[in-house]
Amino acid sequence: MALKTFLGGVHPAPSKGRTGDRPIVTAPLPQKVVIPLAQGGAPCEPVVKVGDMVQAGQKIGDSQAFVSAPVHASISGKVTAIESVLCPTGRTSLAVVIEGDGSDTWIDSQGRSLDDLSPADIKSIVREAGLVGMGGAMFPTHVKISPPPGKSFDAVIINGAECEPYLTCDQRLMMEEADTIILGLKAWLKVTGAPKGYIGIEDNKKEAIAAIKAAAANEDNIEVVPLLTKYPQGSEKQLIFAILGREVPSGGLPVDAGALVQNIGTTYALAQAIITGKPLVERVVTVTGTPLKNPQNVKVRIGTLFSDLLSYCKLEGKVGKLINGGPMMGIAQTSAEVPVMKGTSGILLLSPEEARVLPERPCIRCGRCVEACPIRLIPTLLDQYCRHEMWEQAEQGHVADCIECGSCAYVCPSKRHLVASLRLGKAEVLARRRRNK
Amino acid sequence: MADKNFLPNQGELLVSSSPHIRAKETVDWLMWQVVIALLPAVVISVYFFGFRSLFIMMVGVASAVITEAIVQKALGKAITISDGSAVVTGLLLAFNVPATAPWWLVVIGSVFAIAVVKQTFGGLGYNFINPALTARAFLLAAWPQYLAGNFPLPLDSITGATPLAILKGTAAGTLPSYMDLFLGNVGGVLGETSALALLVGGLYLIWQKVIDWRTPAAFIGTVAVLTWVFGGRGGLFTGDPLYHILAGGLMLGAFFMATDYVTSPVTPKGRLIFGVGCGVITVLIRLWGGYPEGVSYSILLMNLLVPFIERWTAPRVYGVQTVRA
């Protein structure tokens, strides 16, 4: 049977071998962490002061806003500053700086059993643990699992596609923590009331598929779905189409297609929060790229600086570009002195040669971008509209539906900066819509 | 930390928009692939029409490339002759004249194709109509004595009519065999006669994913069906589609001219429609028009419809149920 997939897409080299074949290691406890207060939704207010002693797992920031998730201390020690810092998202945020005391003392916490929890209990755990989408977007999870009135979920999909080249943190978690991930999925099913759960995994991760299948063997309402290896298979809209055959309406949310999609890391974090009672203060990060001697998946405390991890993974080659995330959608950094956030799935280094940007040529209308676009836009046309500030035409061409996956720019033989151009148009069109409301 | 030496100084890390990796294909690579795909036809042409044919092709390529360089220099633009696009245009123009054509005719055609049709509209990517074909149409109108009527016959010093002219009854002569048509052992312009060589090149381009199979398949398929239905003297369904496919410029046009990126639709469905349109116009001209051959005019006419075709064939956007206006 043909593997399930979506229409369009591209096939970049996976580049996953160097980290995917090696077990997750735990990074040494950092001496200092920088924990941004804006990690998903509205920024939190600090609930600690400079000079306070904190324990690992202690809440250090919270917000009255519904669309916001609290943040917690990831090590024990002393709050030495609350200051504005540059984040790997490219934005600045107020952050709590903690100098560690080396003891790694934790707050008291109590694990629970999923059977004892009501849906409301689970939702409360999700919020109090500070869960956000750990694939990169960092949208507060307790909001995502609360459907608007009149809407409901009939399927939960765990996103094990991990279609970004280089990244293997989800793959390793599935291989090493399959039982925990299945527990997390069962918690999503319980909190949403959805009757059916799916785990979609790209077919090039055979060991992950085998591990998850074994862990889900006795679960009647959980189905493991091998997917064709194609980028962006792990995009929410493409994953929903591949598994359920449904489309999320333009401008709508996945709940409009009845689906809740959760990242592997987030699902693992939920299960951990249930089992241990501890909040989200660490995650697995793929630290990789040719300039590193020892690329690997590292379990790190949130707030660890990128530079610490580069030392740990033995940086020994010239760096041309430092990226938060994968090569297709990641964000280029100006400095390695930025902290790991809840949504940091990878730290990718490119050598100066790999980072070289070829000059842009005029579009030759080859149509590769049209065939690659998983939303079925006409990127070359939208590119012209956006560069000429023809916003109405760009809006009619559905530029606002662009998911910025980068497939068009990846295949472009003229090396045009299609994503940069369409992102600008998308922002402009959305701003105009808000103004006209 | 010692290893921080590997990180550039503040402000020296490259910061640019995602994606941070790109596929290896470049414009230059694509254009040179087309040149490679034309080589079998070049070789066959030299075999059947002699070194005069090679000379004409070299004149075509050289004058196209030099014209491009001069125009770009004069306009203060970057000189991009190494991208291979002018080579393709010059070669295709040469393919469209007989080996007996005077060399200055080819120079005029190349200059017109590059300077007028391509560069006045902005150069590669901006011309709305195929430069080589437009130049051919111009030459045919201005100097018909060199481009219509008598063509050099292969391996021979005499001239004769093309198979399509004989088939149409506008010229006298004996129809060549299918095998001669397939190999290219017939009269015609120097690059169109060998269906075999063009097929090899065309399939190579499809295999390398340089061109979309839809355009040539729709073009050739449409010509086959329509000539079978309407092309016979004995009534409907008595035509000879194979003869119409092998003779004339269909193979050259379908694989190398109708697939020109710049002047054909970017949408997959649009390419099917474009190919069908080319096929219909070709058959209209071949069977009922004043010329024995209609491939080049069919492509030029369809070039003009590309913006409309793209509008009609915009794919349905994910999550949008209605077709865009």
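Select Met53(A) and look across to Lys78(A) in S7(A), which stands opposite Met53(A). This is a predicted model, where local features need pLDDT of at least 70, side-chain atom pairs count only at pLDDT 80 or more, and totals for chains, interfaces and linings use all residues. Residues are numbered from 1 along each chain as its sequence is written, with chains lettered from A and ligands numbered from 1 in the order in which they are written.

Now show strand S4 (residues 53–54) of chain A with strand S7 (residues 77–86) of chain A: they pair antiparallel over 2 bridges. (Strands are DSSP runs of E, at least two residues, and helices are runs of H or I, at least four, numbered from the N terminus; pairing takes at least two DSSP bridges.)

Click Ala81(A) and its bridge partner in S8(A), Val97(A). The hairpin of these strands has 5 residues between them, and there Gly90(A) takes a positive phi near 95°.

Next, pick Ile157(A), Ile181(A), Ile212(A) and Leu309(A), the residues with the most contacts inside the largest nonpolar core, which has 141 residues. Helix H5 (residues 178–192) of chain A gives this core its largest share, 8 residues. (A core is a set of buried Ala, Val, Leu, Ile, Met, Phe, Trp, Tyr and Cys residues joined through C-beta atoms within 7 Å; buried means 20 or more other C-beta atoms within 10 Å of the residue's own, placed from the backbone.)

Finally, colour Cys366(A), Ala37(B), Val210(B) and Val223(B), which are among the residues of a second, separate core of 91 residues.

Technical notes
Buried ≥ 20, exposed ≤ 12 C-beta atoms within 10 Å, placed from the backbone.
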